[in-house]
Amino acid sequence: NPHKGKVYSEFPGTVLKVDVEEGDEVEKGDRLYIYDAMKMKNRAYSPVEGTVKEVRIHEEDIIRKGELLFVIE
């Protein structure tokens, strides 16, 4: 799967908190970030274990559906 370690946004919204930084080790199921979509706080979790290679979002960023947010290897 070419998208295995890539995390894309599921919904448009506003980033409230980013829980990881580049270089962090994550396990499958670790929380990556919290975002607000339609006045609801949502959480996104790592689909894989590995090292966070890229973090493409910051707190208060506006994200679009399908936007690449993290790369984990």
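The protein exposes about 5,000 Å², of which carbon and sulfur atoms supply 47%. Such accessible areas come from the Shrake-Rupley method with a 1.4 Å probe, and for residues only the protein chains shown count as cover. The model is a predicted one, in which local features need pLDDT of at least 70, side-chain atom pairs count only at pLDDT 80 or more, and totals for chains, interfaces and linings use all residues. Residues are numbered from 1 along each chain as its sequence is written, and side-chain values use heavy atoms, with hydrogens and water left out.

**Overall form**

The secondary structure comprises zero helices and eight strands, and along the sequence the pattern reads β-β-β-β-β-β-β-β. Helices (H or I, at least four residues) and strands (E, at least two) are DSSP runs, numbered from the N terminus. The C-alpha trace spans about 30 × 20 × 20 Å along its principal axes. A compact globule of 73 residues would have a radius of gyration near 11 Å, and the protein agrees with this at 11 Å. That radius is taken over C-alpha atoms, and the globule rule is 2.2 Å times the number of residues to the power 0.38.

Of the 73 residues, 38% count as buried. Buried means under 20% relative accessible area, exposed means over 50%, and partly exposed lies in between (1.4 Å probe, protein chains only). Among the contacts with a separation of 6 or more, 54% join residues 24 or more positions apart; a contact means heavy atoms within 4.5 Å.

The side chains include 12 positive and 16 negative ones, and the centres of the two sets lie 6 Å apart. In this count Lys and Arg are positive and Asp and Glu are negative, while His and the chain ends are not counted. The place of a charge is NZ of Lys, CZ of Arg, CG of Asp or CD of Glu.

**The aromatic residues**

A search of the whole structure finds two aromatic pairs. In one of them, the rings of Tyr33 and Phe70 have their centres 5.6 Å apart and their planes at 40 degrees, so this pair is tilted. The pair links distant parts of the chain, with Tyr33 in strand 4 and Phe70 in strand 8 (residues 68-72), 37 residues apart. Rings of Phe, Tyr and Trp (its six-membered ring) pair if their centres lie within 6.5 Å; planes under 30 degrees apart count as stacked, over 60 as edge-to-face and the rest as tilted. Tyr33, Tyr35 and Phe70 form one aromatic cluster.

Tyr33 counts as buried at 1% relative accessibility, and Phe70 counts as buried at 0%. Leaving aside neighbours within four places in sequence, Tyr33 is in contact with several residues, including Ser9, Val18, Ala44, Ile57, Leu69 and Phe70. The C-alpha atoms of Tyr33 and Val20 are 7.6 Å apart in space, and these residues are 13 residues apart in sequence.

Lys39 lies between strand 4 (31-37) and strand 5 (40-45), and Glu60 lies between strand 6 (50-55) and strand 7 (62-63). Their values are set out below.

Which residues does His58 touch, not counting residues up to four places away in sequence? His58 touches Val15 and Val18. His58 lies in the loop between strand 6 and strand 7 and is exposed, with a relative accessible area of 55%. From His58 to Phe70 the C-alpha distance is 11 Å, and the two are twelve residues apart in sequence.

Ser46 is found in the loop between strand 5 and strand 6, yet it is buried, with a relative accessible area of 4%. Beyond its neighbours within four places in sequence, Ser46 is in contact with residues including Val26, Gly29, Leu32 and Ile72.

Gly50 lies in strand 6 and counts as buried at 13% relative accessibility. Again leaving aside neighbours within four places in sequence, Gly50 is in contact with Asp24, Glu25, Val26, Ile72 and Glu73. Gly50 and Leu16 are 34 residues apart in sequence and 23 Å apart in space, C-alpha to C-alpha.
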